[in-house]
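Visitor: Please take a close look at a single part of this model. I would like one connected account of a sheet and the helices beside it.

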Amino acid sequence: MTFVSLERMPLSEVRDRAARLRRHLNECRPDASGMLIFSRPAVYYLSGAWVNGLLWLPLDGEPVLLCRRGFERAEMDSPLQNILEYKSYSQISGLLRECGTPFGSCAGVEMAGLPWSLGEMLKEKVPGVNFVAADMALHRTRAVKTAWELRKMRLAGARHNQALIALAGRIRPGMTEREVGLAVWKVFFGHGHQGMMRMQNPGEEIFLGHVAAGDSGNYPGAFNGPLGVRGEHPALPFPGYAGKVWNRAEPLAVDCGFCLEGYHTDKTLIYWAGEDAVSEEADRAQDFCLQIHEYLASRLKPGTVPAELYRDCVKIALQNGLAEGFMGLGRNKVGFLGHGIGLAVDEWPVVAPSFDTPLEENMVLAVEPKMGIPGLGMVGVENTFVVTPQGGECLTGEERGPLFSA
């Protein structure tokens, strides 16, 4: 049988990413001879292949992709020259020596990509190498998107915007959150959503996103985001609850991501039954979120410090008497206003009080000012932006909401 790759990542793309990772590794871990990558999204990012395995990127020499499973597919999808099979960590040192790119005495590793048990096994099977955390070098590399990545994210964002606008014609008060979630699923798939949503922080999960009608928007949760959600069940708190009906006088918050060719965009829209259903309090809160949204978007420029943006917005909320529900009510409140996004929903950088690393051109962030209203639910907005010298370029369309159902 003869098979052909669905998309072979250009060699120039792989080499550009490797060069930038090497530069960041030199800055973050100058003692490391290279970096060992474990998580499948990061292996794909540096090789173009989705495999069960790992990738070694030496400071000097060609990368080596080691496959426990997926070797034949890797040969089709990846432009790398060194693609080998292995069964045990004990083989790694020998295979790298054969490729002319051995470990040095110190090697950087993607520690977040490996469970503790496997990390201990790696140290046991590869003696004599000091493995050091180098995750920050990888975060900084992936944060700045290439033109190849941005083309995919622009397409995803355009489809995302179209799908959420189309959703308004498919939902109505009286539907349950689960029924709305099924409508989201159908319209998203109709616009090319590929079904899989990925989180990179350990333990974080997502399925489609959040569908929160009325007070579900303030429902206690463990997800690291401001919008509450009842979910299907305590064991699967996504995307909505079959027992919660969207009532006419309630906001419906749809915070569902879109994924196309592996790349995500994030967008939230608020839906109402009609303009007369919006209370004065909700209208004021929505307007405030839109103002913060535009404030943040206009300042997504190279050199801007995210921590300063965060502090400015919190100050504005305090001045307007809206600090209580800003970015969540009670213990649902989160300490960020935006997050990086790409191959995962939760990437670097973050618009948060401790994030002092300046933004760089072509970073991509989702900014999501939201406001919890006691007894009513949550309103707000979210869109995905590219950092440019002129400010944020929106990838997810011009629709800001709220939208009104048919």
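Guide: The model is predicted. The sheet is open and has five strands, in the order β13-β12-β14-β17-β18, with antiparallel pairing. Its edge strands are β13 (347-351) and β18 (393-394), each of which pairs on one side only. The partner of β13 is examined here: β12 (residues 338-340) runs antiparallel to β13 and is joined to β13 by three bridges. In one of these pairings, Gly338 has Val351 in β13 as its bridge partner.

Helix α6 (residues 135-143) lies across β13 and β14 (364-367), and runs at about 80° to β13.

Helix α6 in turn meets helix α1. Two packed helices are described by the angle between their axes and the distance between the axes. For α1 (residues 11-28) and α6, the axes come within 8 Å and cross at roughly 140°. The angle therefore makes α1 oblique to α6, the limit for roughly antiparallel being over 145 degrees. The crossing of α1 past α6 is right-handed.

On the α1 side, the residues in contact are Arg17, Arg20, Leu21, His24, Leu25, Glu27 and Cys28. They meet Met136, Ala137, Leu138, Arg140 and Thr141 of α6. By class, the residues of this contact between α1 and α6 comprise six nonpolar, two polar and four charged.

Note on methods: Residues are numbered from 1 along each chain as its sequence is written. This is a predicted model: local features need pLDDT of at least 70, side-chain atom pairs count only at pLDDT 80 or more; totals for chains, interfaces and linings use all residues. Side-chain values use heavy atoms; hydrogens and water are left out. Two strands pair if DSSP finds at least two bridges between them. Helices (H or I, at least four residues) and strands (E, at least two) are DSSP runs, numbered from the N terminus. Contact means heavy atoms within 4.5 Å. Axes are lines fitted to C-alpha atoms, for helices over the stretch in contact, and angles run from 0 to 180 degrees between N-to-C directions. Angles under 35 degrees count as roughly parallel, over 145 as roughly antiparallel, 65 to 115 as roughly perpendicular and the rest as oblique. A crossing is left-handed if the near helix is turned anticlockwise from the far one by less than a right angle, and right-handed if clockwise. Ala, Val, Leu, Ile, Met, Phe, Trp, Tyr, Cys and Pro count as nonpolar, Asp, Glu, Lys and Arg as charged, and the others, Gly among them, as polar.
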